[in-house]
Amino acid sequence: MKKTITTIFATVVAVSAFALTPDEAAVKASIESMFKAGQEGKLVTSIFEAMPTSHQKGFYDVSQAFAKKMDPMVWNSGVSVMSNFGKVLSTKSDFIVNSAMAKQVPSPSADACKKGDLKAADVLAAGKFFSSIASITLADIKSQPNAKALAAYLDSKIGKLPACEMPTYTIKTEQDGDIVVYFEGRTDGVEFEKVKGKWLPEELADPDFDDILEDINEDMNFATEEGQQFKMQAMMFSAMANGALAPVLQAKTQEEFDAAVSAIFKSLGF
């Protein structure tokens with residue numbers, strides 16, 4: 001009896017797999033490849049490889065234009081906040097998991113990636129992630145010779161994502177030939193379009209790279225009065241954020257930590 005049930009189950013799975021059209025199967029393979037790549041620390045590389053060569057070059061060109069036009073002081077002020085936030089997560093993990101607020105936060109633990117008590121290991125992992133992202137430099141971005149190298153560099157900073165189970169989803173072909181992926185728990189689907197033999201999410205199907213590059217060249221001019229104002233605002237925000245995080249980093253007891261965090265939330269109107 002057990003063997004019969006197993007055989008029936010295997011047959012149903014096989015029939016379900018064969019029920020996909022070639023295009024649907026291609027989308028399915030792309031999704032699962034990216035999911036696996038994320039857990040192996042190669043997410044950006046996988047995303048780039050799923051795109052046509054022209055898209056890869058377009059995103060690479062945008063990254064180079066951005067890195068060349070971005071003001072180093074503005075960039076460094078932003079990553080300094082992210083770096084300090086990473087330090088909070090890395091050095092105050094015990095205080096964080098023991099705070100009342102933490103009991104309401106879903107745990108991203110590799111065991112299940114489901115809602116549960118937040119663990120110190122989860123907080124430490126998040127701290128490492130933010131600290132690594134904060135170490136990305138404009139010089140490093142500019143030094144990447146091509147899209148493949150850029151993707152590998154970003155993957156080295158993002159690292160491996162939590163080892164969650166693949167989310168449940170269904171694939172459907174619409175009347176216009178586009179494919180929509182519906183993930184469990186979401187009412188809206190992710191629409192895919194075929195571009196130069198590659199199936200891409202609708203948002204990435206037809207980016208106007210020339211328009212993006214033009215916006216970067218026109219809007220990221222820090223020599224103008226508007227650019228200088230933006231730079232000053234960015235520096236002020238960074239100083240305020242780092243100032244607010246300082247008492248959190250300096251906290252030596254749970255009470256001091258809770259008070260410092262509470263002060264931040266009060267200043268934000270919560």
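Helix α12 passes helix α13 in a left-handed crossing, a crossing being left-handed if the near helix is turned anticlockwise from the far one by less than a right angle, and right-handed if clockwise. Helices here are DSSP runs of H or I with at least four residues, strands are runs of E with at least two, and both are numbered from the N terminus. The model is predicted: local features need pLDDT of at least 70, side-chain atom pairs count only at pLDDT 80 or more, and totals for chains, interfaces and linings use all residues. Residues are numbered from 1 along each chain as its sequence is written, and side-chain values use heavy atoms, with hydrogens and water left out.

Two packed helices are described by the angle between their axes and the distance between the axes. Axes are lines fitted to C-alpha atoms, for helices over the stretch in contact, and angles run from 0 to 180 degrees between N-to-C directions. For α12 (residues 225–250) and α13 (residues 254–267), the packing angle is about 165° and the axes lie 8 Å apart. That makes α12 roughly antiparallel to α13 (angles over 145 degrees; under 35 is roughly parallel, 65 to 115 roughly perpendicular and the rest oblique). On the α12 side, Ala244, Leu245, Pro247, Val248 and Gln250 meet Glu256, Phe257, Ala260, Val261 and Ile264 of α13, where contact means heavy atoms within 4.5 Å. The residues of this contact comprise 8 nonpolar, 1 polar and 1 charged. Ala, Val, Leu, Ile, Met, Phe, Trp, Tyr, Cys and Pro count as nonpolar, Asp, Glu, Lys and Arg as charged, and the others, Gly among them, as polar.

Helix α7 (residues 120–134) and helix α9 (residues 147–158) cross at roughly 145°, and their axes come within 8 Å. Phe129, Ser132 and Ile133 of α7 and Ser156, Lys157 and Ile158 of α9 make the contact. By class, 3 nonpolar, 2 polar and 1 charged residues take part.

Asp71 is placed in the loop between α4 (53–69) and α5 (72–91). Its relative accessibility is 12%, so Asp71 counts as buried (under 20% relative accessible area; exposed is over 50%, partly exposed in between, with a 1.4 Å probe and protein chains only). Leaving aside residues up to four places away in sequence, Asp71 touches Leu138, Phe222 and Lys231. Asn76 is in helix α5 and, at 45% relative accessibility, counts as partly exposed. The C-alpha atoms of Asn76 and Leu138 are separated by 9.2 Å, with the two residues 62 apart along the chain.

The protein has 13 helices and 4 strands. Of its 270 residues, 33% count as buried.
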